[in-house]
Amino acid sequence: MVLQLHVWGPAFNLPSIDAQCLAVIAYCSLTLPKGSWELIATSDPSVSPTGELPALQDGSTWVSRFRNIVDYLRQYSNGEWDLDGSLEGPARADNIAFSSFIESRGHTLIDLSLYVSSQNYYGNTSPAYGNLLQWPNQWILPPKLHSAAKARTEHLGLSSLDLQAMEEQRQREHSAAVAAGRVPKNLIPQPQDTVSKLLGRTAQHNHFRLEALTGEFFEPLEAMIGEKSYFLATSEDDTASSLDCVALGYLALALVPELTFPWLREAMQTKSPRLTAYTERLRRLCFGEAPVEVSHAFSSETAPSSALPWKAPSRISVVAVGNTLLDTAADSLPLLRRARKYNRLKEGAQSAEAGLTDVERDLVSGVADAGKNDLYVSIATVIGGVATLVGYMFYVGMIRATEPGGEAPEEEDDLNAFNAGSATDFLGI
């Protein structure tokens with residue numbers, strides 16, 4: 001049976017907009033025989049039972065994440081489709097260590113470049129997703145990815161790359177100053193900051209921090225690649241490994257996209273010329289000589305011109321649209337969002353792909369169940385408190401039920417009688 005690899009679709013002349021998807025595509029292109037696999041730009045994580053992309057489908061079996069897919073292919077082929085089969089001892093340790101290094105540091109830089117930098121997100125990344133996604137995901141997923149990237153990188157203190165956030169913060173500070181009455185509102189001049197001024201201040205503020213981050217990432221890789229063809233190549237074995245696929249996934253997204261604010265690309269070209277040449281060469285080897293176009297993934301007529309085995313994704317169904325809208329509505333409610341988070345945590349722990357021991361699986365499941373129980377207790381406490389308050393208000397007379405037939409309450413009748421009596425006495429009747 002033909003294996004199907006579901007990924008985020010093409011962008012920036014690359015076969016995917018996601019680094020992990022690029023890594024898996026590179027691995028499959030180097031190991032799997034032609035005709036044994038298909039590449040599908042699903043661009044919808046909900047197609048996979050794990051809710052993640054990339055995802056490899058083998059009939060009813062689904063495997064997600066780069067390492068899990070690599071392990072599955074090795075077992076599926078009895079070791080034939082394994083780029084790391086010749087690695088031994090220290091080389092295997094280096095493979096794991098440098099793969100983790102690239103994934104952690106590279107993911108941060110890609111987040112900052114494609115999502116946190118406002119010029120790049122609104123000018124390049126968001127339109128790229130718009131070309132890939134079907135309704136309603138094209139309106140739902142990009143803001144989610146944008147917010148997640150900002151949350152992951154918040155600790156770096158580079159939020160000023162997000163000009164929209166800077167402007168919102170400035171407006172909040174301006175409104176707070178007016179509300180506090182420190183300066184009369186009509187005497188506060190409205191700032192006339194232009195985009196160029198904001199960009200100038202942003203560049204100065206972020207320059208040294210970005211220099212440090214890019215240096216910490218590119219310089220060790222530049223030293224490791226040296227004059228070799230691949231990271232773990234030796235004089236006896238000059239072949240690629242899974243480490244090279246991981247590296248290509250992140251380095252290609254740093255080097256290839258032509259962005260409005262190309263600080264990451266410029267840093268790579270300046271600091272690591274040999275790493276830049278390595279990335280270009282490996283990109284052509286894995287993805288083909290010609291740039292990958294979006295039409296390759298969605299048109300059967302243009303797909304044959306690509307070096308990759310594209311298969312057009314199926315159209316989104318009405319049921320899938322409904323599920324997406326319901327999931328979005330549920331996630332917008334804090335209580336439901338927390339409950340769903342605990343359910344996903346428990347499902348992930350019980351999944352075979354998690355690789356957890358029985359003790360770890362029981363521990364994580366217990367934490368998820370405890371979190372849900374605490375949530376239910378909180379909901380019950382709130383409902384009980386509201387019911388008690390309403391009952392007390394009825395008891396003290398702050399709230400009274402309207403009598404049947406629309407009759408006025410007793411106090412109102414007494415008041416009317418009092419007023420009538422007073423008028424009679426006044427007139428002497």
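**View 1. The largest nonpolar core, with 89 residues.** Leu5, Leu73, Ile102, Phe218, Phe231, Leu251 and Leu275 have the most contacts inside this core. A nonpolar core here is a set of buried Ala, Val, Leu, Ile, Met, Phe, Trp, Tyr and Cys residues joined through side-chain atoms within 4.5 Å; buried means under 20% relative accessible area with a 1.4 Å probe, protein chains only. Helices are DSSP runs of H or I with at least four residues, strands are E runs of at least two, and both are numbered from the N terminus.

This is a predicted model, so to read it: local features need pLDDT of at least 70, side-chain atom pairs count only at pLDDT 80 or more, and totals for chains, interfaces and linings use all residues. Residues are numbered from 1 along each chain as its sequence is written, and side-chain values use heavy atoms, leaving out hydrogens and water.

**View 2. Leu73 and its contacts.** Leaving aside residues up to four places away in sequence, Leu73 touches Leu3, Tyr27, Cys28, Leu32, Leu56 and Trp81 (contact: heavy atoms within 4.5 Å).

**View 3. H8 packing against helix H10 (residues 273–287).** The axes, lines fitted to C-alpha atoms over the stretch in contact, sit 9 Å apart at an angle of about 110 degrees. That makes the pair roughly perpendicular (65 to 115 degrees). On the H8 side, the contact includes Leu251 and Leu255; on the H10 side, Leu275 and Phe287 are among the residues involved.

**View 4. Ser48 in the loop between strands E2 (37–40) and E3 (55–58).** Ser48 counts as buried because its relative accessibility is 3%. Beyond residues up to four places away in sequence, Ser48 touches Ala55 and Trp62.

Notes: Buried means under 20% relative accessible area, exposed over 50%, partly exposed in between (1.4 Å probe, protein chains only). Axes are lines fitted to C-alpha atoms, for helices over the stretch in contact, and angles run from 0 to 180 degrees between N-to-C directions. Angles under 35 degrees count as roughly parallel, over 145 as roughly antiparallel, 65 to 115 as roughly perpendicular and the rest as oblique.
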